Amino acid sequence: MSFVSPLFLWYFLPAMLVAVLVCPRAWRNGIIAVGSLIFYATGAGAFTLLLIACMIVNFLAGPALEPDDWGLGGSSRRRRLLIGVIAFDLSILLVWKYAGFATEQVAWFAQLFGGDFPVAELALPIGISFFTFHHISYVVDIYRGERRALRNPVSFGTYIAMFPQLAAGPIVRYHEIADQLPQHRQHRLDDIAAGFPRFALGLCKKAVIADSLAPFVAACFSTPADEMTFAIAWLGAIAFTLQLFFDFSGYSDMAIGLGRMLGFRLPENFARPYSAVTITEFWRRWHMSLSRWFRDYVYIPLGGNRSGGHKTYRNLWIVFVLTGFWHGAAWTYVIWGVYHGALLVLERATGGARTPASTGPRIARRALTLVLVIIGWVFFRAPDLGQALSMIGHMFAPDFDGLTDVAASALTNQRLVLLLLAAGVFVLPATPVMGPLLESARTKPANALRVGIMTVGIAYATILVATGTFSPFLYYQF
């Protein structure tokens with residue numbers, strides 16, 4: 001089930017909100033947990049059993065991972081248990097997400113010597129990367145003594161399976177939400193009133209902009225290498241840069257808005273990333289919940305920046321190779337991660353991570369950062385490495401061939417207007433961020449924006465959904 005499907009918008013969501021609104025407060029977590037498993041089952045089918053099995057293992061391990069009042073509690077035993085649980089979680093992810101990729105590499109190598117090796121073909125469970133990271137956050141935070149383990153399976157199910165963030169985030173670290181799981185909710189109507197504009201904003205981003213740009217992006221990235229042109233390469237890369245932002249930030253806005261309507265404050269995930277002046281700043285603004293997860297559970301445990309320059313660079317490389325691989329089982333994602341890791345290491349080594357103070361250099365650095373990000377997104381979107389290199393090669397080889405007939409037919413007047421309007425995010429200032437502004441600000445401009453989105457914006461988006469023009473969220477595949 002997708003947030004932009006008629007089934008969700010007209011049946012599931014109203015039923016959940018009514019149930020949470022009218023039922024006793026003590027029922028909230030149970031309603032959310034059961035409803036979330038139903039939500040997941042409509043799209044994942046039998047993989048719901050895999051999710052439940054992972055939840056059972058991590059829930060049962062939680063109390064045994066807690067330190068005692070002295071911070072000890074059998075530290076060696078707890079460490080072994082922690083390693084075992086994390087190994088279990090990662091093994092589920094590795095098998096279901098990466099077995100096919102791994103066997104493809106072995107099969108390719110075997111063919112070099114005239115051999116044959118079977119390739120595993122496993123369907124990818126929806127949201128497996130996200131619920132795996134939630135499980136790891138849960139057991140690590142308990143092991144560190146940052147939060148107590150949950151004894152109530154319904155509360156645990158609410159944290160892991162909560163439908164706003166189950167399929168594509170934000171990645172909610174356990175210590176961020178543990179204090180919200182007790183059912184203290186008082187102002188239910190206020191929560192719905194605050195969360196709905198945020199949800200409506202995300203729906204507009206997804207249905208009106210991202211889905212409108214999708215056919216043109218697909219046409220550009222499917223252009224054969226011998227027909228690729230300078231215009232197709234750049235317009236396709238820019239259109240995907242905008243499509244991905246409006247698709248994923250739209251999902252995050254919808255998830256945060258839904259969470260607020262249910263009484264939870266989920267973490268922010270975007271903060272005008274295309275206004276970044278450096279790649280370092282970009283990663284403080286893009287998919288922030290993922291960056292924080294890798295910082296807390298990978299970068300800092302590796303030593304962070306505490307052990308000198310060379311080890312800091314090594315740790316950055318490790319984090320971003322893993323970040324690329326987390327996104328997908330393909331060399332294009334790995335290269336994308338290596339690319340961003342190299343840019344971050346270069347910035348840190350040269351002092352380029354510092355933001356220039358004067359206006360001129362800031363504008364130049366912002367433009368350069370945007371170009372570097374756009375180039376990186378080509379690896380992220382391209383179906384294979386050959387197509388990515390073909391597009392990037394044409395981006396640096398100007399010609400006057402224009403668009404092919406297929407690309408030109410996909411770039412309708414409506415999509416061209418939306419592309420130009422969406423490109424406004426490239427020049428907007430770094431603040432304010434629209435999502436939090438809509439949710440909490442009470443100024444006249446914020447009120448006017450809320451009214452516009454909740455009337456004209458959501459009406460048009462709903463029409464698009466009703467006509468069946470929506471597509472799955474891009475991050476569902478991760």
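## About the model

Residues are counted from 1 along each chain, in the order its sequence is written. Because this is a predicted model, local features need pLDDT of at least 70 and side-chain atom pairs count only at pLDDT 80 or more, while totals for chains, interfaces and linings use all residues; side-chain values use heavy atoms, with hydrogens and water left out.

## Overall fold

The protein has 20 helices and zero strands; both are DSSP runs numbered from the N terminus (helices: H or I, at least four residues; strands: E, at least two). Its C-alpha trace spans about 70 × 60 × 55 Å along the principal axes.

How does the radius of gyration of the protein compare with that of a compact globule, and what is it? For 478 residues, such a globule would have a value near 23 Å, and the protein has 23 Å, which agrees. This radius is taken over C-alpha atoms, and the globule rule is 2.2 Å times the number of residues to the power 0.38.

The domain assignment gives domain 1 (6–184) and domain 2 (191–277 + 355–476), with bounds that come from an automatic or database assignment. Taken over C-alpha atoms, their centres are 28 Å apart. Across the boundary, 28 residues of domain 1 are in contact with 23 residues of domain 2, where contact means heavy atoms within 4.5 Å.

About 2100 Å² is buried between domain 1 and domain 2, and carbon and sulfur atoms give 79% of that area. Buried area here is the accessible area (1.4 Å probe) that two parts lose on being put together, summed over both. Between the two domains there are zero salt bridges (a side-chain nitrogen of Lys or Arg within 4 Å of a carboxyl oxygen of Asp or Glu). On the side of domain 1 that touches domain 2, the elements giving two or more residues are α1 (6–22), α2 (28–44), α7 (163–166) and α8 (174–177). Of these, α1 gives the most, with eight residues.

## Local details to look up

The structure holds 15 salt bridges. One of them pairs the side chains of D296 and R173 at 2.3 Å, N to O. This pair links distant parts of the chain, 123 residues apart: D296 lies in helix α12 (residues 288–299), and R173 in the loop between α7 and α8.

T431 and P432 are joined by a cis peptide bond, with omega about 0°; P432 sits in the loop between α18 (413–422) and α19 (434–440). R272, a residue other than glycine, has a positive phi near 50°, and its place is the loop between α10 (230–261) and α11 (279–285).
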